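Subject: Handover of a protein structure

Dear colleague,

Please find below the structure that I am handing over to you.

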Amino acid sequence: MPEISGYAFPNDVHVHWSLMIVMYPYITGFVAGAFIVTALYHLFGKKEFEPVARLALATSFCFMAIATFPLNLHLGHPERSLNVIVTPHFSSAMAGFGLLYSAYFVILLLEVWFVYRREIIETARRSRGLKRAFYASLALGTYDTSPEALEIDHRAVKVLSAFGLPAACMLHGYVGFIFGGIKANPWWSTPLMPVIFLLSAAVSGIALLVLLHQVTARLWRRPVERETVQAMARWLWFFLILTVTLELLEIVLLAYENSDAWHIISQLLTTRLEFSFISIQMIVGSLVPFILLAIIVTMNRYLHDRVRNTLAVVASLLLLVQVFAMRWNVVIGGQLLSKSFRGLRSGYQPELFHREGVLVAIGLFVLPFALLWVFDRVLPIEPASAPPEAGRGPAPEQEPARRTA
């Protein structure tokens, strides 16, 4: 039995939202953050993101494919998951997830198809047997790779990015909305919660792409793009500043109001969450990356490429830890304080082998990378030569040979 200090109601004893509910916003954060990067290229024309635009799109797609897994594991009845789509309930914030998820997934599928349509057709043309049939089915009966058709592809990608960007933001902002709308819990109930979740999603998505860009550069034996790393570090620093500022403002405001809730929240932060909040989230996960990214952004001209890449990798790794700690402190931390505002529950420790345990959580984090590998086998993320802009590349017969799936 957990230890209780102070006065707690009987239903305050158990942590109902487990590690899987921590993993759910952590995974969907990568979906939104990665899509922001691909939108910066396709929608806003940020050429410095061109080397990671397709990687970002594929990353968003693969993490999106398993975004519902933590929820299904937590609920225990995955066969009922489709009910949220076929029986929509518009007054339920949780049911709204089904609509958002479905709409965004369709947009993501269409964007992937338009970005890869020419390569799908050309792979079908030069293949035989089952491989030809597979790629021909992916082409959906369209074999037009004329400049006019490719121009339409380019416009379609831009339009889909315009719709996909707010959909991705809404998909993750709604997670914060769920917590922010629970008025009975002062640790969760704040209008800043959706914004904080959204900004931290951008942090986690960009940090993951910094790592993936450098890992894939080594695997595919190509140089790490200096301008791309510099641009991602700049945007990462920007979103980190916004995220941490809002998180601190939220706490400072609670302390300034000095309400009844602050007395229990201050105890929560200095006892149960002392390590995960102060040490991990604020110092190791926020302050240290802030300094490292500040060095990259402000001392760009003096940094050797290897130093810049190393600083970016270390900062990104720490930020991935920071975002996970933030999710943990919100989801688990909010369940450790009693609704009486006079009691605290002892810390939550997930089991190792349970359905909602540590090993399953690790597997959920690794699974999108396995999907990313499969995605790259089917639709190569990195062309052998510099990737042409979608729909604006050379004619098929003039295109250089690409790395085969």
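Predicted model: local features only at pLDDT ≥ 70, side-chain atom pairs only at ≥ 80, totals over all residues.

Residues are numbered from 1 along each chain as its sequence is written, and side-chain values use heavy atoms, with hydrogens and water left out.

Overall form

The protein has 14 helices and two strands. Helices (H or I, at least four residues) and strands (E, at least two) are DSSP runs, numbered from the N terminus. Along the principal axes, the C-alpha atoms fill a box of roughly 75 × 55 × 35 Å. The radius of gyration is 23 Å, which agrees with the value near 22 Å that a compact globule of 405 residues would have. This radius is taken over C-alpha atoms, and the globule rule is 2.2 Å times the number of residues to the power 0.38.

Of the 405 residues, 52% are buried. Buried means under 20% relative accessible area, exposed means over 50%, and partly exposed lies in between (1.4 Å probe, protein chains only). The accessible surface comes to about 18,900 Å², and 67% of this surface belongs to carbon and sulfur atoms. Accessible areas come from the Shrake-Rupley method with a 1.4 Å probe; for residues, only the protein chains shown count as cover.

There are 32 positive and 27 negative side chains, and the centres of the two sets lie 5 Å apart. Lys and Arg count as positive and Asp and Glu as negative, whereas His and the chain ends are not counted. The place of a charge is taken as NZ of Lys, CZ of Arg, CG of Asp or CD of Glu.

The core

A contact means heavy atoms within 4.5 Å. Among contacts between residues at least 6 apart in sequence, 79% join residues at least 24 apart.

The largest nonpolar core has 122 residues, and those with the most contacts inside it are Tyr104, Phe179, Ile265, Leu293 and Phe375. Helix α1 (residues 19–42) gives the most to this core, with 18 residues. A nonpolar core is a set of buried Ala, Val, Leu, Ile, Met, Phe, Trp, Tyr and Cys residues joined through side-chain atoms within 4.5 Å. Leaving aside neighbours within four places in sequence, Tyr104 is in contact with several residues, including Val31, Phe35, Met64 and Leu171.

Asp153 is found in helix α7 (residues 147–180). With a relative accessible area of 4%, Asp153 is buried. Not counting residues up to four places away in sequence, Asp153 touches Phe114 and Arg117.

Thr123 lies in helix α5 (residues 93–125) and is buried too, at a relative accessible area of 11%. Beyond residues up to four places away in sequence, Thr123 touches Lys131 and Tyr135. Thr123 and Asn300 are 177 residues apart in sequence and 41 Å apart in space, C-alpha to C-alpha.

Why does Pro191 count as exposed? The reason is its relative accessibility of 74%, since exposed means over 50%. The C-alpha atoms of Pro191 and His354, which are 163 residues apart along the chain, are separated by 34 Å.

Ile241 has its place in helix α9 (residues 226–257) and is partly exposed, with a relative accessible area of 33%. From C-alpha to C-alpha, Ile241 and Gly181 are 25 Å apart in space, and they are 60 residues apart in sequence.

Positive phi values

Asn258 is a residue other than glycine with a positive phi, near 55°. Asn258 is found in the loop between α9 and α10 (260–270) and counts as partly exposed at 46% relative accessibility.

Phe341 is not a glycine either, and its phi is positive at about 65°. The loop between α13 (333–336) and β2 (342–345) holds Phe341, which counts as partly exposed at 28% relative accessibility.

The start of the chain

Pro2 lies in the segment before β1 (4–7). Which residue lies 345 places from Pro2 in sequence and 7.8 Å from it in space, C-alpha to C-alpha? That residue is Gly347. Leaving aside neighbours within four places in sequence, Pro2 is in contact with Val13, Arg345 and Ser346.

Yours sincerely,
A colleague
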